[in-house]
Amino acid sequence: MIKTFRDLEVYNEAYQLMLLIHRALKTFPVFERNDLSSQMRRASKSCSANIAEGWAKRVFEKEFKKYLNGAIGSANEMEVHIETARDLNYWQKDFCNDLLLRYQRLGGKLTNLRNNWK
């Protein structure tokens, strides 16, 4: 039974990805730490935060869906940032491809939740 946003599979996956991203960003070049790293930290946090905030407003269908759209947008944004990190050789290709697959799945699950809510 889902009692809080923490019971949502999409929230848990978004949160775990955020932790993984934050830990991995420590390996970025120093000159990227205030640019691409900052963008990635914010976008990865935004995904789980939008799910949590939207859950609080779930009784208002349009509001909840608005926040799910924000989470989907942040997941998509993370795909671009991960591709950038991969193509600039900041992270290993296999690591990036795994992250991309997880964010794509997360985006799909968020889309399904949005489309099937009520």
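In this predicted model, helices α1 and α4 pass each other in a left-handed crossing. Their axes come within 10 Å and cross at roughly 155 degrees. Because an angle over 145 degrees counts as roughly antiparallel, α1 is described as roughly antiparallel to α4. On the α1 side, the contact is made by Glu 9, Val 10, Glu 13, Ala 14, Gln 16, Leu 17, Met 18, Leu 20, Ile 21 and Ala 24. On the α4 side, the residues that take part are Phe 95, Leu 99, Arg 102, Tyr 103, Leu 106, Lys 109, Leu 110 and Leu 113.

**Further helix pairs**

The crossing of α1 with α2 is left-handed, and the crossing of α2 and α3 is left-handed as well. The table gives the axis values for the three pairs described in this report.

| Helix pair | Axes come within | Crossing angle |
|---|---|---|
| α1 and α4 | 10 Å | roughly 155 degrees |
| α1 and α2 | 9 Å | roughly 160 degrees |
| α2 and α3 | 8 Å | roughly 160 degrees |

The axes of α1 and α2 cross at roughly 160 degrees, which makes α1 roughly antiparallel to α2. Helix α1 contributes Val 10, Tyr 11, Ala 14, Tyr 15, Met 18, Ile 21 and His 22 to this contact. Helix α2 contributes Met 40, Arg 41, Ser 44, Lys 45, Cys 47, Ser 48, Ile 51 and Ala 52.

The axes of α2 and α3 also cross at roughly 160 degrees, and these two helices are therefore roughly antiparallel to each other. Among the residues of α2 that make this contact are Leu 36, Met 40, Ser 44, Cys 47, Ile 51 and Trp 55. Those of α3 include Phe 64, Tyr 67, Gly 70, Met 78, Ile 82 and Ala 85.

In soluble globular proteins, nonpolar side chains tend to be buried together. The largest nonpolar core of this model holds 34 residues, of which Ile 21, Met 40, Ile 82, Trp 91 and Leu 110 touch the most other members. Helices α1 (9–24), α2, α3 (61–87) and α4 (93–116) each supply at least two residues of this core. Helix α3 gives the most, with eight residues.

When its neighbours within four places in sequence are left aside, Ile 21 is in contact with Met 40, Ser 44, Met 78, Ile 82, Trp 91, Leu 99 and Tyr 103. Ile 21 also belongs to the α1 side of the contact with α2 and to the α1 side of the contact with α4.

Ser 48 is found in helix α2, which spans residues 36–56. Its relative accessible area is 6%, so Ser 48 is buried. The side chain of Ser 48 reaches the backbone oxygen of Lys 45 at 3.4 Å. Apart from neighbours within four places in sequence, Ser 48 is in contact with Tyr 11, Ala 14 and Tyr 15.

Ala 52 lies in the helix α2, and at 18% relative accessibility it counts as buried. Not counting residues up to four places away in sequence, Ala 52 touches Phe 5 and Tyr 11. Ala 52 and Phe 64 are twelve residues apart along the chain, and their C-alpha atoms are separated by 9.8 Å.

Phe 5 is found in the segment before α1. With 17% relative accessibility, Phe 5 counts as buried. Beyond neighbours within four places in sequence, Phe 5 is in contact with Tyr 11, Ala 52 and Trp 55. Phe 5 and Asp 35 are 30 residues apart in sequence and 31 Å apart in space, C-alpha to C-alpha.

**Two loop residues**

Asn 34 lies in the loop between α1 and α2. Its relative accessible area is 73%, and Asn 34 is therefore exposed. From C-alpha to C-alpha, Asn 34 and Gly 70 are 23 Å apart in space, and they are 36 residues apart in sequence.

Asn 89 lies in the loop between α3 and α4. This residue is exposed, because its relative accessible area is 60%. Most residues other than glycine have a negative phi. The phi of Asn 89, however, is near 60 degrees, a positive value in a residue other than glycine.

Definitions and conventions: Residues numbered from 1 in each chain as written. Predicted model: local features only at pLDDT ≥ 70, side-chain atom pairs only at ≥ 80, totals over all residues. Heavy atoms only, no water. Helix = DSSP H or I, 4+ residues; strand = E, 2+ residues; numbered from the N terminus. Buried < 20%, exposed > 50% of the residue type's maximum accessible area, 1.4 Å probe, protein only. Polar contact = N/O pair within 3.5 Å; in protein donor to acceptor, adjacent residues only side chain to side chain. Contact = heavy atoms within 4.5 Å. Core = buried A, V, L, I, M, F, W, Y, C linked by side-chain atoms within 4.5 Å. Axes fitted to C-alpha atoms, helices over the stretch in contact; angles between N-to-C directions. Parallel < 35°, antiparallel > 145°, perpendicular 65-115°, else oblique. Left-handed = near helix turned anticlockwise from the far one by under 90°.
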